[in-house]
Amino acid sequence: MKYDFNDPSITVALVGAGGFIGSHLLEAILERTQWRIFAVDLDFHKVQQHLQNHRIEFLCEDLEEPSVLKKISSYPIVIQLAAICTPSRYNTETQKVIESNFLTPAALAKACADSGSWLLYFSTSEVYGKTSSEALLLEEDQSDFVYGSIHASRWSYAIAKQLSERYIASLVHLSWTIFRPFNFIGPRMDFVSGLDGEGIPRVLASFCGALVKNEAMKLVDGGKAQRSFTSIHDAIRFIFLVLEKPHLSKQEVFNIGNPDNEISIRELSFLIQKIHAEITHKNPKEYKSPIEVSGTNYYGKGYEDSLRRVPSIQKSQKLLGYLPTEPLEKTLKESVLWFIDHYTPIIENQETQR
């Protein structure tokens, strides 16, 4: 079945519509299609400018409710983005992490199998597990998965996502596509602790938050881990390639990433600082030096890490013609600028009220 972007009778259920990826995807669907959106989340502040849009029905409910799952699965396309996906919670809220990333997606997948919906499920590149610094490019259908011991609760998220993938693939009557994102970054990512959230966000928001608050960036285990960062714009473009070509996308697992954007976390911190200095015209000597912290002290007992995680995108190129185009520095500049513009007024307002 082909889904016509110009068909206004099509409604897509977007689960996690208020999050980082969801907010960008919601706007892209509005701009690039005539579809309607059934938007589900517990918080919609990132898409508040669209709350009155007649093409969107918003539902602020928990996915644990059977009636909510039934409603979501009544639509022909279901995109499941909702998850607990910040490393700081893997060790401290292990049970919730597993429930959020396995039990709830499994129930939604079963509902979609019963209704005939096409489920587009966002898994994670973390399913590849405990990779070394010499790890090769990670391939969807060939790479092995290695995890730490049961006491290393860091892997609760990865294992729950992997089990979700296997459960989804086991449902004979379900049409599905699974995505494994590799470190998406861009405007509106996560939160800044103490300003619009509490806890530890992922690395981009952590570094940008430190800079806008004039604090030292923290390098976990010296920032030696390497990651391949992917522009949210390349990610959204990939999702649309999948929607355009369901005959090539269904029953497939895809990496979404940019192997050309590989960088160590330490190098990333200096690059973000350089970009921040260029935007704000701040003297580089005025910045506080990064602080090195152990992963256990920063994230808690049970933390371990993948040292290198780089995607193979040969499958995406071959089947869908996907080729990422957004270079790392451009994406970081856009992101840093957003963090400055968004959070500086909040900081100034807090200082005025003191």
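Contact is taken here to mean heavy atoms within 4.5 Å. By this criterion, residues 24 or more positions apart account for 77% of those contacts in the protein that have a separation of 6 or more. The model is predicted, so that local features need pLDDT of at least 70 and side-chain atom pairs count only at pLDDT 80 or more, while totals for chains, interfaces and linings use all residues. Residues are numbered from 1 along each chain as its sequence is written, and side-chain values use heavy atoms, with hydrogens and water left out.

The protein has twelve helices and 14 strands, assigned as DSSP runs numbered from the N terminus (helices H or I, at least four residues; strands E, at least two). Its C-alpha atoms fill a box of roughly 60 × 45 × 40 Å along the principal axes. The radius of gyration, taken over C-alpha atoms, is compared with a globule rule of 2.2 Å times the number of residues to the power 0.38. For 354 residues a compact globule would have a value near 20 Å, and the 20 Å of the protein agrees. Buried residues (under 20% relative accessible area, with exposed over 50% and partly exposed in between; 1.4 Å probe, protein chains only) make up 56% of the 354 residues.

Two packed helices are described by the angle between their axes and the distance between the axes. Axes are lines fitted to C-alpha atoms, for helices over the stretch in contact, and angles run from 0 to 180 degrees between N-to-C directions. Angles under 35 degrees count as roughly parallel, over 145 as roughly antiparallel, 65 to 115 as roughly perpendicular and the rest as oblique.

The axes of helix 4 (residues 94-115) and helix 5 (residues 156-170) come within 8 Å and cross at roughly 10 degrees; the two helices are therefore roughly parallel. Residues making this contact include V97, I98 and F102 of helix 4 and Y157, L163 and Y167 of helix 5.

For helix 1 (residues 20-32) and helix 7 (residues 232-244), the axes come within 10 Å and cross at roughly 55 degrees, which makes helix 1 oblique to helix 7. Among the residues in contact are F20, L25 and R32 of helix 1 and I232, R237 and F240 of helix 7.

S335 lies in helix 12 (residues 328-353) and is buried, with a relative accessible area of 0%. Apart from neighbours within four places in sequence, S335 is in contact with I185, G186, P187 and L204. S335 and R309 are 26 residues apart in sequence and 22 Å apart in space, C-alpha to C-alpha.
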